[in-house]
Amino acid sequence: MTSITLEHVSKAFEAPFGSDKPIPAVQNVSLKVTSGDILGILGPSGCGKSTLLRLIAGLHAPDSGRVLYDDVDLKDVPLRERGVGMVFQEGALIPHWESRKSVGFFLSLRKRDVEIPEKLKRISKITGIGLNQLLERKPRQLSGGEQQRVSIARALARDLKILLFDEPFSNLDAKYRHEARVELKRLLNEFPVTSVYVTHDQVEAVALSHRIAIMREGQIEQVGTYHQLYTSPHNLFVATFLGQQPINLFQGFVIDAHWRGVNFAGFPMRRDLEEGSKVTLGIRPEHVRLDEGGVECKVDEVVPYLAERYQHVTVHAPGERFTLHVPLDHPVKRGDTLRCSLDPDEILLFDASAGTRIG
Ligand code: ATP
């Protein structure tokens, strides 16, 4: 297996017609993917995820900076020796071949046909009976999801050093996407390979990756495990981007080294912060508590999450709206009055103008 290193990599595309400004797709990105790691790249549409993946694959050359495989500059690694497999949104299979031939093609090319049945057997075993049946068919006889399975099997049947995925399951419906993810996870456990996985679906990134890089406007904002990113975001962008439900944000000020907002107040802050400076307090809905001595608020909306055993409740207090989790055994309905406080151990404080974390 191979490690991947990016050192200050930038890539811009030519200015569109009528403009003299190039499009900066990736800007000064430094990143390390250790051997055998699965790194998810997560970010909004157009933030540069696919361009970054193509730079890692060697399909784009960086304008500046270097991409290294095992400490060797990619431009010095001959194409044949790179051992990179890519799985895209569309399976990219060869139309008139049956899938079995497609999967075994790279091994046959290297005169290693004898390994094909053995590898296919292992891959088929992990994927269940599905793949075995699919292998007899040509791409037009396969659904989108099936084509993806064959593409992934083809990538794994090769002796790859690096596997790159660009939203491979985004065309599949939700149920099938879940199955495909579980299957891919099992395959990657069985055939470990250094992988980079691009997606804008955080559930997918969490399910498949060991670590996640959050990207915005061509730059990496933060890299870490999902737990690190979720509980300790470096800035407001990461805090608001992650989470199945949006984080609550309250605007306030520093008064006498404490945070004070419209309804909530009294959280101690760093002493070096300027009196009166604007600070945004972030808290996730699961950390807003029902509290007899808390702030009075009115319930606007209740959404039950039966499997997770809570209700996601939207409330308002004077001038502010926020959400909290209420256990299912505490019935709540629109118009009810609740009293809430914020768990002081779980609040996140951000400089309101720069968005950087300050507490
Ligand atoms: P999505 O999630 O929508 O696929 P992305 O995060 O993968 O987006 P990229 O496809 O890498 O983003 O695009 C980054 C920026 O570069 C965008 O502004 C895009 O319009 C631009 N871009 C990408 N490819 C090209 C190209 N070949 N020529 C010109 N501009 C491009």
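Select Gly 48 and the ligand: a backbone N or O atom of Gly 48 lies 3.0 Å from an oxygen atom of the ligand. This is a polar contact, that is, a pair of N or O atoms within 3.5 Å. Next select the side chain of Ser 45, where an N or O atom is 2.6 Å from a ligand oxygen. In the side chain of Lys 49, an N or O atom is 2.8 Å from an oxygen atom of the ligand. The ligand taken alone exposes 630 Å², and the protein buries 59% of that; such areas come from the Shrake-Rupley method with a 1.4 Å probe.

Before going on, note that this is a predicted model, in which local features need pLDDT of at least 70, side-chain atom pairs count only at pLDDT 80 or more, and totals for chains, interfaces and linings use all residues. Residues are numbered from 1 along each chain as its sequence is written, and side-chain values use heavy atoms, with hydrogens and water left out.

Now show the residues around the ligand, among them Phe 13, Ile 23, Pro 44, Thr 51 and Glu 167. Helices (H or I, at least four residues) and strands (E, at least two) are DSSP runs, numbered from the N terminus. The shell divides into five nonpolar, five polar and two charged residues. Here Ala, Val, Leu, Ile, Met, Phe, Trp, Tyr, Cys and Pro count as nonpolar, Asp, Glu, Lys and Arg as charged, and the others, Gly among them, as polar.

Move on to the salt bridges. The structure holds 11 of them, each a side-chain nitrogen of Lys or Arg within 4 Å of a carboxyl oxygen of Asp or Glu. Select Lys 11 and Asp 63, whose closest N and O atoms are 3.8 Å apart. Lys 11 is in strand β1 (residues 4-13) and Asp 63 in the loop between α1 and β4 (64-69), so the pair links distant parts of the chain, 52 residues apart. Is Lys 11 buried or exposed? Lys 11 counts as buried because its relative accessibility is 14%, whereas Asp 63, at 49%, counts as partly exposed. Buried means under 20% relative accessible area, exposed over 50%, and partly exposed in between (1.4 Å probe, protein chains only).

Select Glu 296 and Arg 339 next; the closest N and O atoms of this salt bridge are 3.2 Å apart. Glu 296 lies in strand β15 and Arg 339 in strand β18 (residues 337-342), so the pair ties together parts 43 residues apart in sequence. Glu 296 is partly exposed, with a relative accessible area of 47%, and Arg 339 is partly exposed at 35%.

Stay in β15 (residues 288-305) and select Glu 301. Glu 301 touches His 312, Val 313 and Thr 314, not counting residues up to four places away in sequence; contact means heavy atoms within 4.5 Å. Glu 301 and Thr 314 are 13 residues apart in sequence and 5.1 Å apart in space, C-alpha to C-alpha.

Finally, show the whole protein, which has 10 helices and 19 strands. Of its 359 residues, 49% count as buried.

Methods
A residue is near a molecule or strand if one of its heavy atoms lies within 4 Å of it. A polar contact is a pair of N or O atoms within 3.5 Å; within protein, one must be able to donate a hydrogen and the other to accept it, and residues adjacent in sequence count only if both atoms are side-chain atoms.
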